[in-house]
Each structure stands twice: as C-alpha cells, then as structure tokens.
Amino acid sequence: MIPQDLSYTEEHEWVRTPEGGGSVRLGITDYAQDSLGDIVYVELPEVGTEVTAGEAIGELESTKSVSEVYAPVSGTVTARNDQLEGTPELVNSDAYGEGWLLEVEVAGELPAMLDADAYAALVSH
C-alpha cells in the first residue's frame, strides 16, 4: 500500500503537502515500519526546532533495532505527534495516518522526491 497523494524519499520517509501550502506532514513509510518491526519508542524534535533536509531529526526504536529518521525537507517543526509517546505502535498500525511524526513549515522550495510509482519500484527490488 503506497498512497498516490504523497511524496517519498529513498530513506523511506513520506511527505504530505497540503492544498494551498503551509506545513507539510511527514512520517515513515509502511515498508519502513514493516522492516523495523514493532516500534516501542519514538524520539522527535520539539516544536520550533530547525531541521535540515537529509539530516537526522529523531529515532525510532523497535524490538529489532534503533533507526534514525531523516528530515525530507528543511524548515521549522510546527507540530509533532505527541500521541506516539504513549502509543508508538501507531507508526506500525497506521504509518500514513495516525502514525505521522512531524509537521514542518518548509523553508524555500521542496526538494525533489519520488512519486508513488518511483517509490514502489525502489522497494520492489
């Protein structure tokens, strides 16, 4: 399941751009959460934190490993999914919905990302 209305990175993050601009919402893909296994802890930056595309912005700890989350865009964190503090498994059960990670007010242009078909080709290898 790869939603057509999202953009993707090669590091398995997704970005939802709202109609008319504003903050983008981001998370990890279903492929990424499935690879990680049961997520037991999520560490995210605070609201107001400046993030830079390509840099680590948090960690997801699963029963298998700890994985860094990378910023797909540069900007300022405007919201974080605080539900994940008590229920990190939302990333596993609803990666594209209730398991979102952050919202970021993008600084400048959005970087080039993969569309759903290109991401599907990436993960089908």
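Predicted model: local features only at pLDDT ≥ 70, side-chain atom pairs only at ≥ 80, totals over all residues.

User: OK, sheets. What's the strand order in the open sheet of six strands?

Analyst: Reading across, the order is β1-β2-β3-β9-β8-β5, and the pairing is antiparallel.

User: Which strands stand at the edges there?

Analyst: β1 (7–8) and β5 (50–51). Each has a single partner strand, so one side of each has no neighbour in the sheet.

User: And how many bridges do β8 and β9 share?

Analyst: Five, in the antiparallel sense, between residues 75–80 of β8 and residues 102–106 of β9. To pick out one spot, Arg80 has Leu102 in β9 as its bridge partner.

User: What about the open sheet of three strands, what's its order?

Analyst: That one goes β4-β6-β7, with antiparallel pairing. Its edge strands are β4 and β7 (66–70), each of which pairs on one side only. On average, neighbouring strands in this sheet are turned by 25° against each other, ignoring direction.

User: How many bridges for each pair in that sheet?

Analyst: β6 and β7 are joined by five bridges, while β4 and β6 pair over four. A hairpin of three residues takes you from β6 to β7.

User: Which residues face each other across those pairs?

Analyst: Glu61 has Val66 in β7 as its bridge partner, and Leu60 stands opposite Ser67, also in β7.

User: What does Glu61 touch, leaving out residues up to four places away in sequence?

Analyst: Asp38, Ile39, Val40, Tyr41 and Val66. Glu61 itself sits in strand β6.

User: Switching to the inside. Which residues touch the most other members in the largest nonpolar core?

Analyst: Ile28, Val42, Leu60, Leu101, Leu102 and Val104, out of 23 residues in that core. At least two core residues come from each of β3 (24–28), α1 (30–36), β4 (39–43), β6 (56–62), α3 (90–93) and β9.

User: Take Leu101. What's around it?

Analyst: Setting aside residues up to four places away in sequence, Leu101 touches Leu26, Gly27, Ile28, Val42, Leu44, Leu60, Val69, Arg80, Asn81, Leu84 and Val91.

User: Which residues are in the second, separate core?

Analyst: That core has ten residues, and among them are Tyr8, Tyr96, Trp100 and Val123.

User: Where do Tyr8 and Tyr119 lie?

Analyst: Tyr8 is in strand β1 and Tyr119 is in helix α4 (residues 116–123), so the pair ties together parts 111 residues apart in sequence. Tyr8 is buried at 0% relative accessible area, and Tyr119 is buried at 0% too.

User: And how are Trp14 and Tyr96 arranged?

Analyst: They form a tilted pair, 6.1 Å centre to centre, with 50° between the planes. Trp14 is in strand β2 (residues 13–16) and Tyr96 is in the loop between α3 and β9, so that pair links distant parts of the chain, 82 residues apart.

User: Last one. What sits over the ring of Trp100?

Analyst: The charged end of Arg25, 3.9 Å from the centre of that ring.

Conventions
Residues numbered from 1 in each chain as written. Heavy atoms only, no water. Pairing = 2+ DSSP bridges. Core = buried A, V, L, I, M, F, W, Y, C linked by side-chain atoms within 4.5 Å. Buried < 20%, exposed > 50% of the residue type's maximum accessible area, 1.4 Å probe, protein only. Contact = heavy atoms within 4.5 Å. Axes fitted to C-alpha atoms, helices over the stretch in contact; angles between N-to-C directions. Phe/Tyr/Trp six-rings, centres within 6.5 Å; stacked < 30°, edge-to-face > 60°. Lys NZ or Arg CZ within 6 Å of the ring centre and 35° of its normal.
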